Amino acid sequence: MRLLPAVALLCLFLAACSKPSEPTAAAPSVPAAAPANAAQAVLEASQRFGQLRSFQARLQLKGPRTLEAGMTFVAPDRYRLETEAGAQTIINGTFFLQQAGEVRQIPVPPEMLAQWRSPIPADAVAAELQVEDLGPETVAGQATRKYRVRHASAAPDGMLYWINAEGLPVRIERQGQTNGQPFQATVTYSRFNDATLQVALP
């Protein structure tokens, strides 16, 4: 498969929101009762996610084109993207695009990377979110609570949002259209604050 251009790969991750990974240890059950304020629960989960020191993500895109890609993040500014075409690295706002035995350095807009760290805009307030609590659901062996979330700029058509017992989003799913054709993009998160994760300079 031809190596995806840097911008295309970045946009595919962002379209999902913003790996299936090794099974994680069983998490405590999520209380059956709904939180008093669903919008606040979703907002706090996004904010908590933005404070993580590391995580892994897996993007699955279904539609006119099917794609799977992985991402590893290590604070403060290191990302490793993995596709069938190989691995790519972003460090300190520079995309080290490896292709045909060469490495090109491409600047990445800070606001694009910021979205990877905050599924809901960092400056959002609960009043800006429309949130429907869809109840408990198990995701990759974890007890979670599922929400449908709408935000005027981040998700005007809505997205599904699963939060685990630790108050972190473990899966986000969006549906929409591209060039008049439907797509579904799912991002699954794992290995939160795993100190063994590393992203090296290529």
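Colleague: How many bridges join strand 4 to strand 5?

Modeller: In this predicted model, strand 5 covers residues 94-99 and runs antiparallel to strand 4. One of the facing pairs is Thr 89 with its bridge partner Phe 96 in strand 5. The number of bridges joining strand 4 to strand 5 is 3.

Colleague: Which residue takes a positive phi in the hairpin of strand 4 and strand 5?

Modeller: That hairpin has 2 residues between the strands. The phi in question is near 55°, and the residue is Asn 92.

Colleague: How many aromatic pairs does the structure hold, and which residues form the aromatic cluster?

Modeller: The count of aromatic pairs is 7. One cluster is formed by Phe 49, Phe 55, Phe 73, Tyr 79, Trp 116, Tyr 189 and Phe 192.

Colleague: Why is the pair of Phe 49 and Phe 55 called tilted?

Modeller: A pair of aromatic rings is described by the distance of the centres and the angle of the planes. For Phe 49 and Phe 55 the centres are 4.7 Å apart. Angles under 30 degrees count as stacked and over 60 as edge-to-face. The pair is tilted because its planes stand at 45°.

Colleague: How many residues apart are Phe 49 and Phe 192?

Modeller: Their ring centres lie 6.4 Å apart with the planes at 90°, so this pair is edge-to-face. Phe 49 belongs to helix 2 (residues 38-50), while Phe 192 lies in the segment after strand 11 (181-190). The pair thus links distant parts of the chain, and the separation is 143 residues.

Colleague: Is Phe 192 buried or partly exposed?

Modeller: Buried means under 20% relative accessible area. Phe 49, at 0%, counts as buried. Phe 192 has 22% relative accessibility, so it counts as partly exposed.

Colleague: Where do the buried residues of helix 3 fall, seen down its axis?

Modeller: The buried residues of helix 3 (residues 110-117) are Met 112, Leu 113, Trp 116 and Arg 117. An α-helix has 3.6 residues a turn, so residues three or four places apart point the same way. The buried residues of helix 3 line one face, because they fall within an arc of 150°.

Colleague: Which ring does the charged end of Arg 171 sit over?

Modeller: The charged end of Arg 171 lies 6.0 Å from the centre of the ring. The ring belongs to Trp 162.

Key:
Residues numbered from 1 in each chain as written. Predicted model: local features only at pLDDT ≥ 70, side-chain atom pairs only at ≥ 80, totals over all residues. Heavy atoms only, no water. Phe/Tyr/Trp six-rings, centres within 6.5 Å; stacked < 30°, edge-to-face > 60°. Helix = DSSP H or I, 4+ residues; strand = E, 2+ residues; numbered from the N terminus. Buried < 20%, exposed > 50% of the residue type's maximum accessible area, 1.4 Å probe, protein only. Lys NZ or Arg CZ within 6 Å of the ring centre and 35° of its normal. Pairing = 2+ DSSP bridges. Arc of directions from axis to C-beta.
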